[in-house]
Amino acid sequence: MVQLGLVGLGKMGFNMRERLRAAGHEVVGYDRNSAVTDCGSLAELASALAAPRIVWVMVPAGEPTRQTVAELGDLLSEGDLLIDGGNSRFTDDKKNADLLATKGIGYLDAGVSGGVWGKDNGYGLMVGGDAALVERAMPIFDALRPEGPREEGFSHAGSAGAGHYAKMIHNGIEYGLMQAYAEGFELLEAAKIVDDVPAVIKGWQRGTVVRSWLLDLLVRALDEDPELDDLEGYVEDSGEGRWTLEEAINHAVPAPVISAALFARFASRQEDSAAMRAVAALRNQFGGHAVKKVGE
């Protein structure tokens with residue numbers, strides 16, 4: 001049994017606490033939401049843990065994580081360990097590790113995949129940091145990862161930042177996979193030769209080379225709404241796709257699928273595209289092609 005402090009009890013953090021407790025570990029959670037928190041502050045959380053302490057942070061990436069790490073750095077002591085399991089940019093990890101190292105506090109970054117299904121299915125984990133610290137936290141990782149061989153649901157990716165870097169690339173791949181399924185769905189709908197699109201997609205779940213968990217989730221969505229009419233085609237991005245493309249540029253690695261998927265998300269947010277208005281105007285100017293006026 002391991003004792004753990006868990007900061008951030010949102011959709012992911014709450015379910016992680018439940019999975020860890022089900023595995024027999026003691027978890028003291030802190031969240032600003034009084035309905036789910038186990039203590040009233042980060043200071044109370046630190047006081048509730050026995051040294052040497054392990055604290056896992058699951059708060060939004062960027063400034064919220066940086067502030068939380070800095071505050072915990074003042075509350076924890078030499079020999080303690082902090083794990084950032086959020087979607088932080090990998091460039092933040094060395095800064096966090098260096099800051100905590102001045103106080104003798106260890107640091108690991110953990111890319112976590114599994115979403116709201118992780119409580120029951122387990123979470124894919126990609127971890128960066130010192131090997132001795134990874135081994136120390138392994139009972140936690142083993143409780144969170146899916147059942148089966150460790151190497152199929154957990155990886156020690158490298159030094160500080162490697163875990164979040166691996167998760168960033170994972171999410172970039174996810175962008176491309178989702179876009180491919182989405183375009184296939186739209187083409188099946190548009191062609192009209194297929195009478196039952198949800199049935200076709202459901203039929204891909206076994207035996208085909210495109211079967212996957214993402215496909216299973218698309219089938220689930222179509223079971224609830226066969227034509228997805230209840231949804232708007234507006235898609236946000238959480239940052240990892242942009243960061244992945246920046247890295248592709250930095251390393252001169254072609255990434256046309258991921259870039260197209262990210263730009264498709266940008267296009268989904270445009271009610272009226274200035275670029276497409278310009279294309280229409282140009283076609284009309286050089287070829288006399290018909291244009292559609294506003295209000296027609």
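Of the 28 residues in the largest nonpolar core, those touching the most other members are Trp56, Ile83, Leu108, Ile140, Phe141 and Leu144. A nonpolar core here is a set of buried Ala, Val, Leu, Ile, Met, Phe, Trp, Tyr and Cys residues joined through side-chain atoms within 4.5 Å, and buried means under 20% relative accessible area with a 1.4 Å probe, protein chains only. Helix 7 supplies the largest share of this core, 5 residues; helices (H or I, at least four residues) are DSSP runs, numbered from the N terminus. Apart from this core lies another of 19 residues, including Tyr30 and Leu100.

This is a predicted model: local features need pLDDT of at least 70, side-chain atom pairs count only at pLDDT 80 or more, and totals for chains, interfaces and linings use all residues. Residues are numbered from 1 along each chain as its sequence is written, and side-chain values use heavy atoms, with hydrogens and water left out.

Now to helix 8, where Gly163, His164, Lys167 and Met168 are among the buried residues. Lys192 follows helix 8 and has a positive phi, near 70°.

| Helix 8 item | Value |
|---|---|
| Length | 30 residues |
| First to last C-alpha | 44 Å |
| Share of the largest cavity's lining | 3 residues |

The lining of the largest cavity comprises Gly86, Asn87, Ser88, His164, Lys167, Met168, Glu240 and Trp243. A cavity is a set of points on a 1 Å grid over the protein atoms alone where a 1.4 Å probe fits but cannot get out, and lining residues have an atom within 4 Å of a point.

Methods: 1 Å grid on protein atoms, 1.4 Å probe; cavity = no way out; pocket = protein on both sides within 12 Å on 5 of 7 lines; lining within 4 Å. Helix = DSSP H or I, 4+ residues; strand = E, 2+ residues; numbered from the N terminus. Expected span 1.5 Å × (residues − 1). Buried < 20%, exposed > 50% of the residue type's maximum accessible area, 1.4 Å probe, protein only.
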